[in-house]
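Keep the picture at hand as you read.

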Amino acid sequence: MADFIFRYRWIIILLCLLTGAGSVLIIPRTKIDPEMRNYIPQSIESRVETDKIESEFGVQDMVVILFSDSCIVSSDNLNRIKNIDRSISRINGISSRISPFTVKNIKSEEGMMTVDPLIKGIPSSAPDLELLGKDILENSFARDIVVSSDLTTASITATINNLVTEKETLQKIDSVISSNPGNAKIVKGGLPYIRQSLVKDVGKDAIILIPVALLIMLIVLKASLGSWRSVLLPFSIVVLTTAFSLALIPLTGWKMSIITVLVPVILIAVANNYGIYLVARFQELSFRHPEATRKELIRMLIKSLNMPILFSGLTTVAGILGLLTHSIIPAKQIGILAAAGVSLALLMSLLLIPALIFVSGSGLTLKNRKRDRAKLFDNILNNLSKLIIKNPGRILLVSALVIILFASGIAFLRIDTNQENYFAPKHPVRQASELINSKFGGSQTISVMIKGDIKDPELMKGIDRLTTEIKNQKGVGIVFSISQVVREMSKAIYTSTEDGYDQIPDTREAIAQMFELYNMSGSPDDFKQLTDLDNTKAHILIRLSDPENNIVKSVKARISELTVNIPAEISVGGYAMIMSDFAESIIKGQISSLLFAVITVLLLLTIIFRSFKGGLIGSIPLTASILILFGFMGYSGIALDAATALLSSIMIGVGVDFTIQYIWCFNLQINSGLSYPEATSSAMRTIGRSIIINALTVMAGFGALMFSGFTSIRFFGYLVLISIGSCLIGALVIIPAFLMKYKPGFLGFETDKKKTGKDEKESNIIGVTTAAFAGSRSTA
Amino acid sequence: MQVAGQQPDAGQIMNKSRDLSITSSLSANINLTITEKGGASRNRTIAMTTKSFADGLEKRFIKFIEPADVRGTAMLVVDNKNSADEMWIYLPALKKTRRIVSSEKGKSFMSSEFSNADMASPAISDFVHKHLGKSGMNNQWIIESTPVNEDKADEYGFSRKISYINMTSNQVQKMEFYNFDNELFKIIEIKSIFPLSDGKYMVKNMVASNLNTNRKSEILFSNISEGVKVDDSNFTIQNLER
């Protein structure tokens, strides 16, 4: 392999540079997809049903504009709302809207049924305004739908269509609002605005997080490797592979989701590892063999590092590929992108770094070995190894208790798919959502479509029962259905003392004629979202004031109960339902990806340690870390969501390295004839520090996520500290104590059949990680 | 070909055209077909009698024939020239007559693409009329009508309308409606007319196409009787329930 690199060094360098340059050119083509419904496969039931409903009744995504003032029913405020409402009604991208100026008063007065606008003219005198306020509160289509019951907030809810782009529609709405200034405070919410903010913030996140992560990595590399030239080699791998992974997004036709920003950060945190090993090892070899030529040093380097780097890379890729078993589409994509990036980092590290060393060579030697800093580590690790040697049983017991304590938190683990919660509490989108949820029945919806003869009184009564019952469910804000219109009309046709008042009529003809009456008096547009033209389909729109997953599930269950006896075909869909399925996907994906990653890593460990028992023991820190991670999430209230669900797979991929390194090193000490306590002390001294620095490097890289604009991604950053931290403790406390206590039989496996004695030490993973960080004891 | 300066006032042309289509009394059956984008259609048949009174007052009596579930439903519409229309409807299944007050002319006529205004004869003074560039060529006036104010624009539901009028007969052949983004959203084409006495005419067949929804509505008049002697007592609420 060394000869291959010497021979084709320029081609290797050129190919790598071309890959990087090509990737940089492709990256600007990346598009962002803020639509969370695209995160789950189209074949999932709720998506199929939602598409079916939307093909009949249009997209149900609503823009909600809220006007808040101490009293919203004033001439100034009403005139402003009227002007804005009028301009919004004229925007092509708006299919329908509900505002104080669209709501009708259906009244029965002296034998007349009047269908009049709620606000016929804007009053100017205080008594008239007071009267209007009273009218609003008495109107069941107005109160808490277009004006809050405390009369402080009014809303315009506009349903968007696909005639023009959503971006254009929102721009027009914004321009309408800015050209109508006034006293009332305006906030804008609803899914289209959430999507707009997501697009803006995803882009902003990428612009902030990638440079921050690169900067952190640069500092870490400089601290670890000393000279800038040494830093440049692993750093170039980071930049090239990060660019490559990002370029894969437009190349594959995928789009950047809110969680795809994790890909570059994963690569920045992980892709440098192999480069660090190689550069540090080269520094080490140069130091130890000053007489050797550059070619000889590179031959030694390749010989000693290929296997351990390959193990390390393969376990990382295996863990990350666990994401492929997720049904969340961006999770699969992240799995592929990150695995491709790490694989390329592996390949580039094995080819490009030796090639670059060969052509540049000098300047890679360590000039200043930082012994003082190393001493601190040595003291800590010495004390730790003494503790482990003395009390392995107690350490295991305490560890088990701590793990059990954390694991019990899993009972409190919750799932959150509400994308409103991606934003910080002070974000305008989050504030608007809270206002909509608390005062206007929420903006996230469940849709029920009923296919049948809608004029059939039995069916209409079924719809009415469903409407009335669902309204009383916890978390349900407002329900709109055709049965409410029929009942409201019956109030205008009959007097309150007559039979039939506020009731669904008993004959098909009566319902048909009521529809005709409304067609003649109001506008069929008023309920075009509630029934279709030939009355063969009805649509019940349920707005949720609390779109939390458990609420959605209970509403869904209640709908099933209430529709079981309705003689019609029922479809249940809507955004909230999709999000509910999304939550299910997260749980299933979490379980399957964990199983995949754990089994694959177990197999790899079995191969590496040449023992199934060894594989099982090697899996202990991972299992413990998974329990600690989920338990911590349960206790701290951090929910499992689209981002945090990916953490365990990434943690397995990255964290397993530490255990491999420790066991491999410990085994070498045993093979060289040391006793178990001596081997523990020696392994801790030689490999412990490298493992700690390796873990800190990964944590530092992921630390950039704490600068994310999204709560969920920030939580991911915090959780990486917990999970990688627990992997680290697992590898340096639990595993040493376990090996000390039980002295498993698989130890003593051969690391390289061809080598013995001193040479062997140079060809193993100890050398890799020991040398990886400056000031290694083994080089003293 | 006429030079722009010699063109008659656009408002006058519109007024003349409108007067030609107003008759003193008439009875006819109207068949309304609404065809969805996918081809599904819905039919409705009504019998209508109209009579003109002094001061531009027009009364219409409508009885539903098809579909069966609304058969017998009857309506009386009093079209006041200078105030909101009055409308009474009798629902036989509920045995109730109710008066309906509605002021929005832009609203759909019986759920079709036609608005109430398309079915009546909107006041000329509600609009500002002007000739467009090619008006006067090819024996055709092309006149743009813009609502006089924002309230009227809201009432009618469009920002401007372009009428294509035959210069010889003064009959409207086509109307194009523009939304508030100044995009064409609806076209009404007059397919055939029914000649009345005194050179007057009425539209016999017209099609409205909504370019946004791709829905089409067609109205076909049949059994047209002009100048029928209809007693004023026919246009009463009592008559609705007969």
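## Strands that pair

Two strands count as paired if DSSP finds at least two bridges between them. Strands themselves are DSSP runs marked E, at least two residues in length, and they are numbered from the N terminus. Keep in mind that the model you are looking at is predicted.

Now find strand E13 of chain B, residues 216–226. Strand E12 of chain B, residues 201–210, runs antiparallel to E13(B), and five bridges join the two. Here B:Val207 stands opposite B:Glu218 in E13(B).

E13(B) also pairs with strand E1 of chain B, residues 25–35. This pairing is antiparallel too, with nine bridges. In this case the residue opposite B:Glu218 is B:Thr33. B:Glu218 therefore has B:Val207 across from it in one pairing and B:Thr33 in the other.

## The turn between E12 and E13

How many residues lie between E12(B) and E13(B) in their hairpin? There are five, and one of them, B:Asn214 in the turn, has a positive phi of about 60°.

## The chain as a whole

Stepping back, chain B has four helices and 13 strands. Its C-alpha atoms fill a box of roughly 60 × 40 × 35 Å along the principal axes. A compact globule of 242 residues would have a radius of gyration near 18 Å, and chain B agrees because its own value is 18 Å.

Buried residues account for 30% of the 242 residues in chain B. Of the contacts in chain B between residues at least 6 apart in sequence, 44% join residues at least 24 apart.

Conventions: Residues are numbered from 1 along each chain as its sequence is written. Chains are lettered from A and ligands numbered from 1 in the order in which they are written. This is a predicted model: local features need pLDDT of at least 70, side-chain atom pairs count only at pLDDT 80 or more; totals for chains, interfaces and linings use all residues. The radius of gyration is taken over C-alpha atoms; the globule rule is 2.2 Å times the number of residues to the power 0.38. A residue is buried if 20 or more other C-beta atoms lie within 10 Å of its own, exposed if 12 or fewer, and partly exposed in between; C-beta atoms are placed from the backbone. Two residues are in contact if their C-beta atoms, placed from the backbone, lie within 7 Å.
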